[in-house]
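Here is a walk through one protein model, taken piece by piece. Keep the viewer open and follow along as we go.

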Amino acid sequence: MPAVFLKDRSLLFVSGAEAQSFLQNLITTDIAALGADEARPGALLTPQGKILFDFMIWQDGDGYMIETDAVQRDGLLKRLTMYKLRAAVTLAPSTEEGVTVSWGEDAEGARGSQGARGSQGARDSRFAKAGVTLTRRAGRQGDGAEALYDALRIRHGIVTSGSDFALQDAFPHDVLMDFNGGLSFRKGCYVGQEVVSRMQHRGTARRRVVTVSAATDLPGTGTEITAAGKPVGTLGSVDGGNGLAIVRIDRAGAAMAAGTPLLVGDTPVSLVLPAWSGLVFPASADEASA
């Protein structure tokens with residue numbers, strides 16, 4: 001597959017003697033466990049445990065590169081600066097614009113190349129969970145269509161804010177960060193940690209990412225998914241007859257167990273939990289609370 005340049009992604013570089021401890025005490029990702037060639041998802045949460053900013057993060061020389069949506073970058077930089085206080089940390093926008101993603105043979109070739117900081121690429125842990133080798137590199141190093149990357153995301157149940165969920169409206173569990181390497185329950189306190197830990201230990205997460213499929217093209221992003229006229233979730237990214245959604249798996253599971261059709265608008269659909277998550281639909285409310 002060709003390397004794809006994502007023009008709407010933007011980068012921040014975090015460096016300094018206390019960069020690791022600064023991030024470790026602030027974001028959901030376990031920075032101390034981050035592999036040298038690994039990119040992991042992460043988030044900065046509200047005190048109530050919802051995702052305020054989402055991003056990918058990887059080691060870059062003596063610091064860390066944070067990749068986020070371009071519309072989030074300035075807000076994220078401002079919020080990180082607010083937490084910085086007197087820490088020995090430098091926060092700066094990267095001079096490189098956009099991000100290049102490669103997968104398959106192109107990803108392996110990218111990892112073998114040499115060049116400027118970050119050019120050899122970091123392996124995206126979300127895709128690795130799904131059995132796909134995909135690397136992320138700062139700057140423009142490919143000209144493939146973005147639709148190819150979106151189709152790959154959709155096929156493997158990998159969501160992105162804006163298209164699939166609204167910031168400040170989703171918990172990390174909703175977007176499977178408890179399975180994709182973006183959420184730590186062992187490293188200690190960080191903003192919103194108490195809430196997400198309670199959700200984990202009590203097993204109260206009900207909203208989850210699913211892949212959606214239909215025999216015809218799906219309606220647009222934001223269309224409600226229903227069962228017997230009752231809301232189950234909302235359609236996110238769409239690629240023809242395939243899409244992503246975040247749904248109440250207890251309601252969807254009960255509908256499927258009862259043989260009740262699931263609809264997006266008037267279109268019948270099938271919902272599947274990503275295999276890499278290991279999750280299954282509960283068949284009843286009792287099973288969902290077990």
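**Charged pairs, a sheet and its helices**

Arg153 is buried, and so is Asp164; buried means under 20% relative accessible area, exposed means over 50%, and partly exposed is in between, with a 1.4 Å probe and protein chains only. Before going further, note that this is a predicted model, where local features need pLDDT of at least 70, side-chain atom pairs count only at pLDDT 80 or more, and totals for chains, interfaces and linings use all residues. Residues are numbered from 1 along each chain as its sequence is written, and side-chain values use heavy atoms, with hydrogens and water left out.

Back to that pair. The side chains of Arg153 and Asp164 form a salt bridge at 3.2 Å, N to O, where a salt bridge is a side-chain nitrogen of Lys or Arg within 4 Å of a carboxyl oxygen of Asp or Glu. The two residues link distant parts of the chain: Arg153 is in helix H5, Asp164 is in the loop between H5 and helix H6 (193-202), and they are 11 residues apart. As for the labels, helices (H or I, at least four residues) and strands (E, at least two) are DSSP runs numbered from the N terminus.

Asp174 and Arg207 meet through their side chains in a salt bridge (3.0 Å, N to O). Asp174 lies in the loop between H5 and H6 while Arg207 is in strand S10, so this pair ties together parts 33 residues apart in sequence. Asp174 is buried at a relative accessible area of 3%, whereas Arg207, at 29%, counts as partly exposed. Also in the loop between H5 and H6 is Leu176, whose phi is near 65 degrees, a positive value in a residue other than glycine. Leu176 is buried too, with a relative accessible area of 1%.

How many salt bridges are there by this rule? The count comes to 13. One of them joins the side chains of Arg9 and Glu67 at 2.7 Å, N to O. Arg9 is in strand S2 (residues 9-15) and Glu67 in strand S5, so the pair ties together parts that are 58 residues apart in sequence. Both ends are tucked away by the accessibility cut-off: Arg9 is buried at 15%, and Glu67 counts as buried at 0%.

Asp69 sits in strand S5 (residues 63-69) and is buried, yet has no salt bridge; the nearest side chain of opposite charge, Arg9, is 4.5 Å away. For that search, Lys and Arg count as positive and Asp and Glu as negative, while His and the chain ends are not counted. What does the side chain of Asp69 reach? It reaches the backbone nitrogen of Val71, at 2.9 Å. Leaving aside neighbours within four places in sequence, Asp69 is in contact (heavy atoms within 4.5 Å) with Asp8, Arg9 and Ser10.

Next, the sheet. An open sheet is made of 7 strands in the order S15-S14-S11-S12-S13-S10-S16, with antiparallel pairing; two strands pair if DSSP finds at least two bridges between them. Its edge strands are S15 (267-268) and S16 (270-272), each pairing on one side only.

At 69% relative accessibility, Ala228 counts as exposed. Gly233 in S12 is the bridge partner of Ile225, and Gly233 also stands opposite Val247 in S13. S12 (residues 230-239) and S13 (residues 242-248) run antiparallel, joined by 5 bridges.

Finally, look at the helices against this sheet. Helix H5 (residues 146-156) lies across S10 (207-213), S12 and S13, at about 145 degrees to S12. Helix H7 (residues 249-258) lies across S10, S11 (224-227), S12, S13, S14 (262-264) and S16, at about 105 degrees to S13. Here axes are lines fitted to C-alpha atoms, for helices over the stretch in contact, and angles run from 0 to 180 degrees between N-to-C directions. The buried residues of H7 are Ile249, Asp250, Ala252, Gly253 and Ala255. Just after H7, Gly259 takes a positive phi of about 80 degrees.

Note on methods:
A polar contact is a pair of N or O atoms within 3.5 Å; within protein, one must be able to donate a hydrogen and the other to accept it, and residues adjacent in sequence count only if both atoms are side-chain atoms.
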